[in-house]
Amino acid sequence: MVFSKNVKMNILGIETSCDDTCVGIIKVENQKSRIKSFNVLSNIISSQVKLHAKYGGVYPSLAKREHQRNLPIVLKKALKKAGNPKIDLLAVTSGPGLEPCLWVGVNFAKDLAKKLKIRLVPVNHIEAHILANFVGGNSKFQITNYKNLFPAICLVVSGGHTQLILMKDIGKYKILGETRDDAAGECFDKVARILGLGYPGGPVIAAEAAKFEIRNSKFEISLPRPMIYQKNYDFSFSGLKTAVLYDYKSRSPKVRRLKKYIRTIAAETQQAVIDVLIYKTLKAIKNYQAKTIFLGGGVAANEELRKQFKTRSSNSKISFFVPPKKFCTDNAVMIALTGYLHWLKKKKWPKIKAEANLRIS
Ligand code: KG4
Ligand code: ZN
């Protein structure tokens, strides 16, 4: 991709692919081949977590209704927070995700584009999780000399997806492998449900695991690392969840309630997921002689995963990037940025529609 246009503009992103209604606004100034300035003006997220908590997962028709109700409110808040700027470009998640939810965002964005007489760019949610790496801790564009980073290996780990992707440039991707059943985040969510820890599972499992102390635990739990040594880049996490269920069922009701038991099994679940993710990513790095790791998606907010990836990649002299935590989980800043980067190189898009099974390519 060549950043050829000299532009200064405000881009508004809309994200409704799952259970978060998000609107984000960024201000970008681009000069010749580089981004001169980049600022996040607002990043509003209306989470439906409480609503879906009782189901232990997302209920699509309920989520759709909430998006319809929330989107105008979230838009208003985002505009106000940004100081009501003139919007020059719109971007919306068109897939992958829950189809009824995606349509809410797509139709809303189409109407808004018509009203404001500006262009609308469709965005792939998975690509947005990858490009969220371009936003640094101070909400500034953190990667300028990006050409030197490729080929890169991207690991997108979220509630709906676990994919290992070879990236040759912004916009050039090849899926190397993906989960055959549950996504990594889904595994955390299901394990948390088994252990009675609530939803979403990732943050609670991480919190319990952080309290685990080897010297203090009388439990020895050893969970499987599914598919770790297989000669492919695919994943499978449903067996891990089942192994947790068997261990849990084999314990007495008294043990199941013990903090030490919960902490031990949470720590082991987390480490089993981390071991598989890191092993397969480093194998891809080696086989494709890649220079960089881009981590993204909700599970990338996991502190232990970030720490272990950092250590392992610095030992092997690989550049490792992970977005600030608030840009790992679903947000619309990543949608606005991805839409902008594509707008820089493309003139037109075919008719925009929601695509539940959209693939990155
Ligand atoms: O990317 P995301 O916000 O939504 C999807 O696109 O799916 O990811 C949500 C997932 C949930 O499964 C949640 O449990 C997980 O990310 N997650 C975490 C953490 N924070 C969120 N998993 C592990 N550790 C965390 N700290
Ligand atoms: Zn996501």
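I started with the contacts between the two domains: 20 residues of domain 1 touch 21 residues of domain 2, counting heavy atoms within 4.5 Å as contact. This is a predicted model, so I kept in mind that local features need pLDDT of at least 70 and side-chain atom pairs pLDDT 80 or more, while totals for chains, interfaces and linings use all residues. Residue numbers run from 1 along each chain as its sequence is written, and side-chain values use heavy atoms, without hydrogens and water.

Next I looked up the bounds. Domain 1 is 7-135 + 326-344 and domain 2 is 152-321; these come from an automatic or database domain assignment. Their C-alpha centres are 27 Å apart.

Then the area. About 1,600 Å² is buried between domain 1 and domain 2, and carbon and sulfur atoms give 73% of that (accessible area, 1.4 Å probe, lost on putting the two parts together, summed over both). On the domain 1 side, Ile 130, Asn 133 and Cys 328 lose the most, together 33% of what that side buries.

Which elements give two or more residues to the domain 1 side? I noted helix H1 (49-53), helix H4 (125-131) and helix H11 (333-345), helices being DSSP H or I runs of at least four residues, numbered from the N terminus. H4 has the largest share, 5 residues.

Notes: Chains lettered and ligands numbered in written order.
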